[in-house]
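Please walk through this structure with me, helix by helix. Then we turn to the place where the chains meet.

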Amino acid sequence: MSAAVNRAALLVLAAALLAVPQFLPLLNAGFWTNVVTEILIWSLLATSVNLLFGYVGLLSFGQALYFGFGMYGAALAVTHWNAGFWGGTLAGIVAATLMAVVAGVLAVRLTWHYFAIITVVFSLIFYFAAMSAKPITGGDDGLSFSAPPVFDAFGLKLTLADTVTQYYVVLGLTALCYGLLWLILRSPLGLRFEAVRENDRRARLIGINVYLCRLTAFILAGAVAGLAGALFAFFGRYASASYMFYHVSGEATVWAIVGGVGTLLGPLFGTALLIVFRELVSTVWENYLFAVGALTVLVVMFAPRGLAGLWSDGLAKLSGRSASQPDPQAGAAEAPR
Amino acid sequence: MLIVEDLKADIGRVPVLRGVSLKVAPGETVALLGRNGVGKTSTLRAILGLLRRNGGKVSYNGQDLTRIAPYRLAKLGLGYVPQGRGIFPLLTVEENLFLGLEGPPPADIVEALYARFPRIAERRRQAAGTLSGGEQQMLAIARCLVMQPTTIMLDEPTEGIMPKLVAQIRAEIGAVAKSGIAVLLVEQNLRTALKLATNVYLMERGQVVHEATPEALKANPDIVHRYLGVSL
């Protein structure tokens with residue numbers, strides 16, 4: 001039953017996301033199309049945190065570094081090499097992935113708080129480097145650029161200046177990214193990630209190269225954060241070193257935890273909840289971050305497995321099973337692995 | 001052949017192994033016996049490189065294991081069934097079984113394994129954490145066999161298992177040994193150890209203090225009483 005409900009919910013979510021640019025303007029809320037676009041982009045950064053924390057048990061506070069590399073990769077490729085939208089996006093992903101290879105080779109030798117600290121240290125080093133390399137990065141002022149068209153052939157020109165086109169491009173790339181991650185996480189590599197998260201020593205003793213598993217996850221997470229950064233650069237037509245600061249990583253970590261780590265779509269729900277909350281509360285209260293903090297504390301205390309955990313517990317109760325019993329069949333349908 | 005020569009290891013500043021030497025030849029079942037805390041589990045952990053060795057040598061089929069990473073040992077044919085089973089409770093039984101393999105499991109291995117462990121086959125789609133203790137132990141042994149080891153090391157395989165399942169696990173270990181796989185068994189249950197072993201090492205304070213066949217040990221109850229604190 002849970003599997004069928006999960007499939008139905010996934011279809012409803014897909015339909016709702018596809019209908020956003022048509023439906024919201026009818027409610028005179030066209031502005032929210034851009035908010036949903038932003039949610040989709042940021043959810044990728046939260047997903048990169050989740051890939052590390054939820055699947056291989058490494059808590060990173062430095063994913064903003066790869067987000068920043070994604071932003072600058074795209075911005076510099078467009079401004080200096082006249083790369084188009086797709087070339088810029090690819091450049092962002094490649095820049096972030098290469099940075100993740102360099103940092104990951106060193107960082108994944110460590111675990112727990114040592115790992116968290118080294119990820120913050122890397123992030124800070126490159127944040128200050130980007131801030132001081134003003135001729136290249138623009139420092140705190142950032143780099144502004146004009147977004148190239150997404151498609152320009154056969155007399156058809158699609159540009160990001162059109163909110164609806166921008167939304168569907170971001171939705172398409174985000175969905176593609178989630179789809180690829182779903183395939184990876186349910187493959188033997190995904191199982192190995194879980195084995196490493198559950199007990200790295202046991203994993204090692206049955207022949208799993210734990211270091212390589214962690215490094216692979218780290219590089220994948222870097223690539224996902226890079227895609228998020230590239231899309232955000234095109235969304236804002238701007239790249240700034242300030243997005244490499246660790247408070248951006250911290251926010252992504254909170255989104256992932258609130259949504260539910262170890263589930264594929266949890267970070268999307270967490271990001272959506274907290275960004276919508278921010279949009280609603282920040283208009284009436286400038287210190288809205290206090291409320292975000294309180295909400296996060298409440299979720300962590302009363303729903304430690306996040307929104308995705310609440311959802312699967314609710315389904316388990318509905319189908320008459322104990323929520324505490326692990327059910328791999330339901331888990332697979334929920335698409336966490 | 002697994003050869004351990006004068007193996008030494010510390011935990012922090014405390015020496016736990018003070019020169020352990022033993023041999024496990026192909027087809028042999030070797031039992032490592034001793035009271036609690038004498039270093040039996042530490043010996044296995046040091047052989048596997050999970051405990052930092054600070055002296056001595058471990059070799060397997062002529063290959064020095066000093067610089068071999070623990071994850072490579074399974075591929076060299078050295079299997080390990082840890083104390084407490086070491087299964088992954090949230091993964092299914094089937095996922096646990098084939099996790100260590102690179103690529104899909106060969107059909108003949110899967111078939112033979114399920115024929116040998118019918119309870120495991122029945123529950124292959126179930127989360128491993130929902131199995132009973134005995135079934136989890138079977139799963140741990142089966143998972144080790146999937147890697148087609150030539151030697152397996154079992155750390156207290158009957159610990160915490162229902163008495164009626166102990167005989168089943170003992171029979172399974174016996175069958176593994178009969179199939180030609182060498183077995184290094186750490187066991188508190190003296191009856192189980194003496195039934196299965198072809199050679200026995202007794203340990204005290206991080207050292208092997210006596211080596212004998214099970215028959216010789218049965219004929220010498222004083223030794224058993226002195227080093228194990230029990231009577232036969």
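Helix α12 of chain A covers residues 266-281. Helices here are DSSP runs of H or I with at least four residues, numbered from the N terminus. The expected span is 1.5 Å times one less than the number of residues. This is a predicted model: local features need pLDDT of at least 70, side-chain atom pairs count only at pLDDT 80 or more, and totals for chains, interfaces and linings use all residues. Residues are numbered from 1 along each chain as its sequence is written, while chains are lettered from A and ligands numbered from 1 in the order in which they are written.

Which residues of α12(A) are buried? They are A:G266, A:P267, A:L268, A:F269, A:G270, A:T271, A:A272, A:L273 and A:L274. Buried means 20 or more other C-beta atoms within 10 Å of the residue's own, with C-beta atoms placed from the backbone. The cover includes α2 (31-53), α11 (246-259), α13 (288-302) and α14 (306-318) of chain A.

Take α2(A) next. It packs against helix α7 (residues 163-185) of chain A at about 25°, with the axes 9 Å apart. Axes are lines fitted to C-alpha atoms, for helices over the stretch in contact; angles run from 0 to 180 degrees between N-to-C directions. That makes the two helices, α2(A) and α7(A), roughly parallel, a label for angles under 35 degrees. On the α2(A) side, the residues that meet α7(A) include A:T33, A:L40 and A:L44. Their partners in α7(A) include A:Y167, A:V170 and A:L181. Contact means C-beta atoms, placed from the backbone, within 7 Å.

A second pair crosses at another angle. Helix α8 (residues 188-198) and helix α10 (residues 210-236), both of chain A, pack at about 110°, with axes 10 Å apart. α8(A) and α10(A) are therefore roughly perpendicular, the label for 65 to 115 degrees. Residues A:L189, A:R192, A:F193 and A:V196 of α8(A) make the contact with α10(A), where A:V210 and A:C213 are among those involved.

Now chain B. B:L228 sits in helix α10 (residues 221-228) of chain B. Why does B:L228 count as buried? Because B:L228 has 20 C-beta neighbours inside 10 Å. Leaving out residues up to four places away in sequence, B:L228 touches B:L33, B:G34, B:R35 and B:L190.

Finally, the interface. Here 21 residues of chain B are in contact with 19 residues of chain A. Helix α2 (residues 70-76) of chain B gives the largest share of chain B's side, 4 residues.

Terms used. Parallel < 35°, antiparallel > 145°, perpendicular 65-115°, else oblique. Contact = placed C-beta atoms within 7 Å. Buried ≥ 20, exposed ≤ 12 C-beta atoms within 10 Å, placed from the backbone.
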